[in-house]
Amino acid sequence: MTSLNDIHLKNNAMMGIYNDYSIPFAYNEPMVEYKAMRENALLVDYSHMAIVSVMGDDAWALVNHLVSADVSIIRDEQGIYSLVLNDDGTIRGDVYVLCSADGYYLLSEDIPAGELIERLNKSLQKADELDIQQIPEIRAMREDNWGAILLEGPYAWEVMAEIHGFDIIGLPYYEYMSTDDELMIFRCGKHGEFAYMAIGQQSALAEEWQKLVDIGEKYQLQTGGLDYQVIARVENPCWDGRALAHSTLNPVELQMQWAVQYDKEDFVGKEAVEALSHDTHHSKMIGMIAEEACAGIYAGDRVIADGNEVGKVVKALFSPALQRYIALALIDNEYAWSDINGFHIQTANEKVAAQTKGMPFIYNLSMLVSPTEHSYIDASKRKSAV
């Protein structure tokens, strides 16, 4: 096999298009992939990630103007999570920015490479203001047949260590290491579990995939598609352009101001997002959990407090981890506090008692697994602190 796509077609993965790329949406029943991600290890093709390289001495100035985080604080083999804002201060999408010796790699799940390049070129119109003396070289790495795969789960570190050694276990969050086969192994993840993204050419990724599948058998590793994110990204909320397609893109309402570095020099959308941050009349996104069994909660259902509508559900589903319906809701500021009961969610068929909930909703098993003390396969060690 020379490509991930060949592997997926051979194994009858259910394919779909996301971020302009054909990618598996599922390999198994949804609960099989969800449980693997929460309990042991799940291997997923993440080649929907647009990867753009920005290389050159002045690359940092250009990248720093595009994203909301302060890129100047990261060094070679470090990464940072950031938002890409529109001119009006709303969120267009999110990116990982990885620093290399020669420049930066931008990885985005929902902004196509062509659009990232277009936005970078637009920022280049301010090259004089940004003190860019040498125009950076900007490339879509798909031209070099690059992609990405993600291994995620409480024991992802143990599987990865069998291939790449003990250095994997000591790899800090948002740092990466380069391998002999020219892959970058980036420790990241949005769902509260240990996660490692391998980034590089498809042929090397295909070999890595097969190694992980072979080694992962004793870890009960499962291969999966992107559909598992639907549950994971409500239990552990993060930016998800698909889930928020019909909702607010305001970083203040979404409580994502932590990803905006207000005190750095000018960046796209800075003036507008500062204005948004000073407006105290917005709603806020907050978690809600049903206090009793119910038939279902859905996007658009009304949130009721003191007999009045105070907000609406944006996304809701049944959490397998909590065995309850959970929801993300936009509610009025004065009610947007965690762990407050007395709310009701009015669905089409019933009124469901609910309380607000601090996020994330769950306490991940990965929080109870220590790579120095626990093991999934070593019978002499416990599996976790539980």
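Which residues of the largest nonpolar core touch the most other members? In this predicted model, local features require pLDDT of at least 70 and side-chain atom pairs count only at pLDDT 80 or more, whereas totals for chains, interfaces and linings use all residues. Residues are numbered from 1 along each chain as its sequence is written, and side-chain values use heavy atoms, with hydrogens and water left out.

The largest nonpolar core holds 53 residues, and those touching the most other members are Tyr46, Tyr96, Leu98, Tyr105, Leu107, Met197 and Ile199. A nonpolar core is here a set of buried Ala, Val, Leu, Ile, Met, Phe, Trp, Tyr and Cys residues joined through side-chain atoms within 4.5 Å; buried denotes under 20% relative accessible area, exposed over 50%, and partly exposed in between (1.4 Å probe, protein chains only). Leaving out residues up to four places away in sequence, Tyr105 touches residues including Ile51, Met55, Tyr96, Leu98, Trp146 and Met184, where contact means heavy atoms within 4.5 Å. A second, separate core of 33 residues has Ala156, Val159, Met177 and Tyr219 among its members.

Aromatic pairs number 13, counted when ring centres of Phe, Tyr and Trp (its six-membered ring) lie within 6.5 Å, with planes under 30 degrees apart taken as stacked, over 60 as edge-to-face and the rest as tilted. The rings of Tyr27 and Trp209 are tilted, because their planes meet at 35°, with centres 6.3 Å apart. Tyr27 belongs to the loop between β2 (21-26) and α2 (30-39) and Trp209 to helix α6, so this pair ties together parts 182 residues apart in sequence. Helices (H or I, at least four residues) and strands (E, at least two) are DSSP runs, numbered from the N terminus. Both Tyr27 and Trp209 are buried.

Tyr96 and Tyr174 form an edge-to-face pair, 5.9 Å centre to centre and with 65° between the planes. Tyr96 lies in strand β6 (residues 91-99) and Tyr174 in the loop between α5 (156-164) and β10 (176-178), 78 residues apart. Tyr96 is buried, at a relative accessible area of 4%, and one aromatic cluster unites Tyr81, Tyr96, Tyr173, Tyr174, Phe186 and Trp258.

Helix α6 (residues 202-216) also contains Gln202, which is buried with a relative accessible area of 3%. Beyond neighbours within four places in sequence, the contacts of Gln202 include Thr2, Tyr21, Asn145 and Trp146. The side chains of Gln202 and Ser47 are joined by a polar contact of 3.3 Å (a pair of N or O atoms within 3.5 Å; within protein, one must be able to donate a hydrogen and the other to accept it, and residues adjacent in sequence count only if both atoms are side-chain atoms).
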